[in-house]
Amino acid sequence: MSISDKYHAIRFAAVEKIEKIKEKPHVLVGTATCGRAAGALTILDVFREEADKHQLDVIIDEVGCMGYCYAEPLVVIAKPGFPALCYGPVDEGTARRLVADFLVNDDPCYDFAIAALEPNDEFPTFEDFPRGVIEKKIILADCGLIDPDDIDHYLARDGYAALAKVLEMEPYAVIEEIKSAKLRGRGGAGFPTGVKWERCFQAEGSPKYVICNADEGDPGAFMDRAILESNPHQLIEGLIIAAYAIQASTGYIYVRAEYPLAVARLRNAISQAREKGLLGDNILGSDFSFDVIIFQGSGAFVCGEETALIKSIEGKPGVPDHRPPYPATCGLYGKPTVINNVKTLSYVPHILRKGADWFRSIGTENSPGTAVFALAGKVVGTGLVEVPMGTTIRELVYDVGSGIKDDKMFKAVQIGGPSGGCLPESSLDLPIDFDSLQEAGAMMGSGGLVVLDEDDCMVEIARFFLDFTQKESCGKCTFCRLGTKQMLDILTDITQGKGSLEDLNILQDLAEDIKMGSLCSLGKTAPNPVLTTLKYFRDEYEAHINEGRCPALMCKDLITYIIIPEKCSKLCDVCIGSCPTEAIYTRPDMLKAIHLDKCVKCNNCMVACPPQYKAVIKVSPPIVEEKEETVEGGKEDE
Amino acid sequence: MSKVNITIDGQQYQVPAGEKLLWAALDCGVYIPHLCANKDKERPDASCRLCFVEIEGFDAPVTSCTQEVFEGMVVKTRTARVDRLVQTAFELLLSNHKLRCGKCPQNRQCELQKISRERKLKLKLTRLRPLLTEEKAVDDSTDVFIYDPNRCVLCGQCIWVDHKVVEVGAIGFINRGFKRKMGTFGDVPLAESRCTQCGECVKVCPVGALVFKEKTE
């Protein structure tokens with residue numbers, strides 16, 4: 001039996017099974033980590049119990065993440081005779097209603113639905129919304145729609161077809177296809193994937209290795225996790241193809257131990273692929289043998305750097321080495337090694353199946369394909385989005401993300417995590433691709449995109465990210481170990497109102513030197529948040545230094561909470577109960593006020609104050625309290 | 001052995017092909033600051049970030065300990081960019097270094113002093129903040145030498161000797177980031193570790209972090 005005959009036999013069985021499922025009502029509950037955090041497992045139980053109670057013949061499956069974080073938990077119901085509908089957020093009551101009204105009876109409960117999955121006469125689809133118009137899903141297309149724990153779901157959607165095709169090609173032809181597609185590494189730097197494979201292919205040394213870098217560690221980034229949890233086979237297929245291209249026999253998936261669900265779903269996916277003969281000896285009857293080992297990292301951010309990652313697998317401390325030599329020639333155990341990000345490998349099956357021309361037709365000339373972003377922060381439609389390269393930040397924030405929460409003013413986007421930068425309003429029309437972001441001082445990074453509004457202090461944002469990189473520095477090289485610490489100390493002083501204008505010059509100089517002088521990419525990119533905020537938001541730094549004022553009212557040392565008597569009500573005292581330090585007291589006229597010396601600026605009173613009063617406000621610079629009896633304070637305790 | 005022609009600061013030299021620029025330059029009598037470099041290491045650490053030079057055709061300064069020489073290479077050891085990087089790296093090291101040279105047993109034999117002399121860099125902090133706010137305890141548990149982590153520049157020379165020359169394996173780098181330091185397994189005093197007190201590590205310490213006791217008296 002030929003490779004393609006073997007594949008078609010496997011696929012045919014899968015298609016038959018999925019067709020049978022489609023004959024019955026099918027409930028899909030998104031139980032990736034994001035869904036679980038929102039209570040998806042409870043919803044899953046409710047569906048199962050209610051279906052039992054009504055003795056319904058329905059299939060209830062767990063699926064991954066569709067990317068609509070703001071609407072979790074998400075449920076898709078496909079009932080024959082109706083368009084498949086997506087509901088969210090679904091609580092227990094909604095779940096019961098959906099069972100009773102839709103599954104038992106025939107009322108699709110449009111009130112709870114977000115969108116339909118396919119065009120119909122009854123209800124709009126995702127493509128009818130601005131987000132759907134701009135989004136172009138390739139590697140997220142099946143996420144949330146297939147059961148990641150059942151390989152047949154993936155097979156029925158042409159899964160592993162690219163592998164079957166590749167196994168009948170020459171290995172170098174595979175590399176040429178990837179080179180021709182101009183696929184660039186999605187881990188951050190955007191290095192051409194085909195060139196990396198070619199170098200490894202040509203390098204001498206045996207055995208060769210392929211490694212999938214799933215050590216996603218940026219604060220606020222969750223793209224890789226969602227893909228691993230939602231469509232692990234897509235990645236595994238990409239990894240096998242990469243291995244075939246460079247003729248490696250062993251692959252590793254380096255995944256964080258903090259992603260237990262991803263690890264579990266990967267394990268299951270790998271064992272199912274082995275059972276089907278898609279992994280292991282003589283894949284699909286060919287001469288090619290390959291297997292995958294899951295390696296769980298212990299959560300060090302620096303282990304996402306490829307040389308540190310290799311050392312970690314080798315059992316050594318995760319500390320980067322100077323490059324060159326690059327892993328493509330001297331990698332794991334000194335052997336030629338290809339290391340690719342989860343997203344990069346996930347594109348591979350699609351490119352091999354649909355061709356390099358198809359891939360190049362999406363996105364921009366030098367950055368073809370799509371970009372996957374974890375859209376977070378002060379944006380209405382938070383979630384996981386996939387847009388063609390070249391989409392502008394404005395489209396991403398306002399059309400895909402539906403704009404800023406609570407009608408606040410847009411201030412900046414933090415793009416690319418701790419290695420990226422903050423881009424201001426004037427950059428809103430910047431097209432997102434590897435090169436234009438780098439020019440603007442930011443970075444594609446792994447794809448975190450945090451939207452910041454008027455309430456976010458840019459100095460504090462820079463301090464937050466630098467605090468992260470400083471803590472995650474391995475400490476090997478001078479610039480990163482001591483330079484980031486120097487910068488962090490300066491930034492901390494500024495947010496506490498203790499900075500000087502001279503500090504700003506030192507900060508700028510240090511940032512430039514660390515960027516140029518550090519050993520690895522962690523250090524080389526760590527100053528980016530500081531450099532971009534200094535460039536675009538210098539006035540905020542100066543306000544902190546010159547006036548002791550935090551314009552965004554965020555830096556605790558530079559603000560004071562006060563209650564405006566004219567707005568406060570005699571009839572309300574919720575703020576008093578909310579205060580953990582008993583700093584709020586009732587004045588003789590029954591209005592409330594805050595003892596500044598007791599206030600710890602926890603923000604509770606501001607949240608507690610009912611919207612009709614909004615009497616609690618923050619002011620900056622802080623009010624210096626007049627000292628009256630405080631001199632004798634403490635005596636009573638003795 | 002085949003040779004290549006290179007130019008350093010306008011002077012032409014013939015150096016062995018395949019050698020790293022740092023060693024080639026030092027052999028030619030051209031000083032380039034360095035702390036972590038070790039000729040016997042297969043893969044340079046490149047961690048002290050002091051040996052920067054500029055090479056014609058390269059868009060940024062490179063560390064000379066990692067850069068192989070090649071025919072026709074044109075090197076400048078002193079440019080504005082190099083001097084700036086070296087100065088910052090040097091000041092950063094000083095900002096975390098116990099700076100009382102007069103009281104240091106290694107006074108006048110210290111590599112930091114040599115760099116300061118060669119590159120006319122001040123041996124005190126003018127621009128940066130002192131990061132050594134609380135001094136770490138000095139380990140004087142062995143009979144032969146003391147270890148003062150407050151003077152350590154993390155060059156790793158002692159660890160190399162311990163692992164690869166005397167093959168004892170008593171010390172290594174422990175902790176991460178700013179807390180990274182040379183230490184024993186579990187950070188126990190050296191006398192309680194498998195240290196044989198052979199003193200070989202002391203001989204390679206470029207600063208006053210590892211010092212023979214006889215010198216401290």
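Me: To start, what does the count of salt bridges come to over all chains?
Reply: The count comes to 54 salt bridges over all chains, where a salt bridge is a side-chain nitrogen of Lys or Arg within 4 Å of a carboxyl oxygen of Asp or Glu. This is a predicted model, so local features need pLDDT of at least 70 and side-chain atom pairs count only at pLDDT 80 or more, while totals for chains, interfaces and linings use all residues. Side-chain values use heavy atoms, with hydrogens and water left out; residues are numbered from 1 along each chain as its sequence is written, and chains are lettered from A and ligands numbered from 1 in the order in which they are written.

Me: Okay. How many of the salt bridges are between chain B and chain A?
Reply: The count between chain B and chain A is 7 salt bridges. One of them pairs R176(B) with E472(A), with the closest N and O atoms 3.2 Å apart. D509(A) also forms a salt bridge with R84(B), at 3.7 Å between the closest N and O atoms. D509(A) lies in helix α20 of chain A and R84(B) in helix α2 of chain B, so the pair joins two chains. Helices here are DSSP runs of H or I with at least four residues, strands are runs of E with at least two, and both are numbered from the N terminus.

Me: How much area do chain B and chain A bury between them?
Reply: About 2,900 Å², with 55% of it on carbon and sulfur atoms. Buried area is the accessible area (1.4 Å probe) that two parts lose on being put together, summed over both. R43(B), R129(B) and R176(B) supply 24% of the area that chain B buries against chain A, more than any other three residues.

Me: And how many residues are in contact?
Reply: 29 residues of chain B are in contact with 36 residues of chain A, contact meaning heavy atoms within 4.5 Å.

Me: What does D503(A) touch, leaving aside its neighbours within four places in sequence?
Reply: With those neighbours left aside, D503(A) is in contact with I490(A) and R129(B). D503(A) is found in helix α20 (residues 501–517) of chain A and counts as buried at 10% relative accessibility.

Me: Switching to chain B by itself. Which domains does the assignment give?
Reply: Domain 1 (1–131) and domain 2 (134–217), with bounds that come from an automatic or database domain assignment. Their centres, taken over C-alpha atoms, are separated by 24 Å. The contact takes 22 residues from domain 1 of chain B and 17 residues from domain 2 of chain B.

Me: How many salt bridges are there between domain 1 and domain 2 of chain B?
Reply: The count is 3 salt bridges. As for particular pairs in chain B, the side chains of K98(B) and E135(B) meet in a salt bridge at 3.7 Å, N to O. K98(B) and E135(B) are also part of a network of salt bridges with R100(B), D148(B) and R151(B).

Me: What about E91(B), which residue does it form a salt bridge with?
Reply: R127(B), with the closest N and O atoms 3.1 Å apart. The pair links distant parts of the chain, 36 residues apart: E91(B) is in helix α2 of chain B, and R127(B) is in the loop between α3 (111–119) and β6 (145–147). E91(B) counts as buried at 8% relative accessibility, whereas R127(B) counts as partly exposed at 23%.

Me: Now the backbone. Where is there a cis peptide bond?
Reply: One joins E72(A) and P73(A), with omega about -5 degrees. Another joins G88(A) and P89(A), with omega about -10 degrees. P73(A) lies in the loop between β2 (59–63) and β3 (75–78) of chain A, and P89(A) is in the loop between β4 (85–87) and α4 (92–104).

Me: Which residue has a positive phi of about 60 degrees although it is not a glycine?
Reply: That's R49(B), in the loop between α1 (21–27) and β3 (52–55) of chain B. R49(B) is buried, with a relative accessible area of 5%.

Methods. Buried < 20%, exposed > 50% of the residue type's maximum accessible area, 1.4 Å probe, protein only.
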